[in-house]
Amino acid sequence: MAFSLELGEEQRDLRDWVHGFAADVVRPAAAEWDEREETPWPVIQEAAKIGLYGFESLAEMFGDPSGISLQIANEELFWGDAGIGMALFGTSLAVAGIFSSGTPDQLAEWVPQCYGDEDDPKVAAFCVSEPQAGSDVAAMRTRARYDEAKDEWVLNGQKAWITNGGIANVHVVVASVDPELGSRGQAAFIVPPGTPGLEGAKKIKKLGLRASHTADVFLDDVRVPGHCLLGGKEKLDARLARAREGTSRSRGQAAMSTFEVSRPTVGAQALGIARAAYEYALEYAGDREAFGRPIIENQAIAFALADLRTEIEACRLLIWQASWMARNDKVFDAGQGSMSKLRAGELAVAASEKAIQVLGGAGYSREHPVERMYRDAKIYTIFEGTSEIQRLVIARAISGRQIR
């Protein structure tokens, strides 16, 4: 059987297209929007105009049988800037939630409203995490109660650290329908635009990813029509019945499997940051002279950069392997999805820190972008499952034991 790691023509075109947008539009705007700590609507609109921000391009990336097109795009965009990259790709989290649980009719109705259009772009939010329920899915306190007389669901609770929370056109909210079933009694709901009772708190001031809006979301007797339950009530009732009989698969396990499949994408974002930091440090080391020669001619600098390049190339292959496995329904028998996110997240932190060290005092200044990359990188060892959670998933996978 033929084997090749060479990108196909469509993949190369995608890489060059996204890279061009990242270099020409994203990078020149990065420092401004990081400083302003605001959603970069003009950049989102530019992406919408060329078709980069929208469901069509996302669907084409998902359609790649190799599974790597989405990761190629994420790496290039986050190479441009992670904050703006998250402002653009944050909506895809909600779209993925609709896609994974919704019916074809629900996809057709709600996905376009997640993006809006090039004249009036919108964003969407995926609301899962809570103040007391991050990695512990079963601890979720947001409740959904069915009002049969009105065929409406009533949502109450608080969501925390939500990308686009409160400013989204569409919110996808995960809530507990039957608390006694723990994580198996949860379901996802669409909260349509302008629904009374949903409010976003003030934007959280963050260390990094400052161009991406993050806020808590409060749900106070939020009423949504019955058809806003993703997947429909008949399917939910059947699943809850199986859970009560003890025959259904744990919803928590299913959620973890979903996260496992999505983690290579998060890893690709972190890889983009790592590569950007490495490339900046490499160029600086070639230009900066000390003691009469470029500093890259010193082994300490050259070896550090050699190590970073080696790690970047290895990490990309790990991400691509996990992405191929997910796209082709291969079992992550060793937690490969978590491996890719773990390695990439820690590499992003290490690479951006090393870049600052190579630049010395200049790296600590906002005159150079590596300090921003360092701030942006840290979240990748925390969100979408901390590094500790990734190691737990991997350890359970390779040992076959319930390690705690």
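Me: Two strands pair if DSSP finds at least two bridges between them. Which residue of strand 5 is the bridge partner of Val172?

Reply: Ile190 is that partner. Keep in mind that this is a predicted model. Strand 5 covers residues 186-191 and pairs with strand 4 in the antiparallel sense, over six bridges.

Me: In what sense do strand 1 and strand 4 pair, parallel or antiparallel?

Reply: Parallel, over four bridges, with strand 1 spanning residues 124-127.

Me: How do I read the two sides of a strand?

Reply: Start with the general idea. In a regular strand the side chains alternate between the two faces of the sheet. Now the case here. Val170, Val172, Val174 and Ser176 point one way from strand 4. His171, Val173 and Ala175 point the other way.

Me: How many residues of strand 4 are buried?

Reply: Seven of seven, across residues 170-176. Both sets of side chains belong to buried residues.

Me: What describes a pair of aromatic rings?

Reply: The distance of the centres and the angle of the planes. By the ring-pair rule, this structure has four aromatic pairs. Take Tyr53 and Tyr115. Their centres are 4.9 Å apart and their planes stand at 75°, so the pair is edge-to-face, as planes over 60 degrees apart count.

Me: Where do Tyr53 and Tyr115 lie?

Reply: Tyr53 is in the loop between helix 2 (41-49) and helix 3 (55-62), while Tyr115 is in helix 7 (residues 104-115). The pair therefore ties together parts that are 62 residues apart in sequence.

Me: Is Tyr53 buried or exposed?

Reply: Buried, at 6% relative accessibility. Tyr115 also counts as buried, at 7%. The cut-off for buried is under 20% relative accessible area.

Me: What geometry do Tyr380 and Phe383 have?

Reply: They form an edge-to-face pair, with 5.0 Å from centre to centre and 85° between the planes. Check cover residue by residue. Tyr380 is buried, with a relative accessible area of 1%. Phe383 is partly exposed, at 22%.

Me: Which residues do ring pairs link into a cluster?

Reply: Tyr146, Trp153 and Phe189. Tyr146 has a charge over its ring too: the charged end of Lys233 sits there, 4.9 Å from the ring centre. A further case is Arg36, whose charged end sits over the ring of Trp33, 4.1 Å from its centre.

Me: Now backbone angles. What is the phi of Trp161?

Reply: Near 55°, which is positive in a residue other than glycine. Trp161 is in strand 3 (residues 152-163). At 58% relative accessibility, Trp161 counts as exposed.

Me: Where does Phe291 lie?

Reply: In the loop between strand 8 (289-290) and strand 9 (293-294). Phe291 has a positive phi of about 55°, although it is not a glycine. Its relative accessible area is 89%, so Phe291 is exposed.

Me: Last feature, the surface. Which residues make the nonpolar patch of about 360 Å²?

Reply: Phe3, Leu5 and Leu317. Residues in a patch have over 30% relative accessible area. Phe3 has 71% and is exposed. Phe3 is found in the segment before helix 1 (9-36).

How values were computed
Residues are numbered from 1 along each chain as its sequence is written. This is a predicted model: local features need pLDDT of at least 70, side-chain atom pairs count only at pLDDT 80 or more; totals for chains, interfaces and linings use all residues. Side-chain values use heavy atoms; hydrogens and water are left out. Patches are made of residues with over 30% relative accessible area and no salt bridge: like charges are joined within 9 Å, nonpolar side chains (Val, Leu, Ile, Met, Phe, Trp, Tyr) within 5 Å. Accessible areas come from the Shrake-Rupley method with a 1.4 Å probe; for residues, only the protein chains shown count as cover. A salt bridge is a side-chain nitrogen of Lys or Arg within 4 Å of a carboxyl oxygen of Asp or Glu. Helices (H or I, at least four residues) and strands (E, at least two) are DSSP runs, numbered from the N terminus. Buried means under 20% relative accessible area, exposed over 50%, partly exposed in between (1.4 Å probe, protein chains only). Rings of Phe, Tyr and Trp (its six-membered ring) pair if their centres lie within 6.5 Å; planes under 30 degrees apart count as stacked, over 60 as edge-to-face and the rest as tilted. A charge sits over a ring if NZ of Lys or CZ of Arg is within 6 Å of the ring centre and within 35 degrees of the ring normal.
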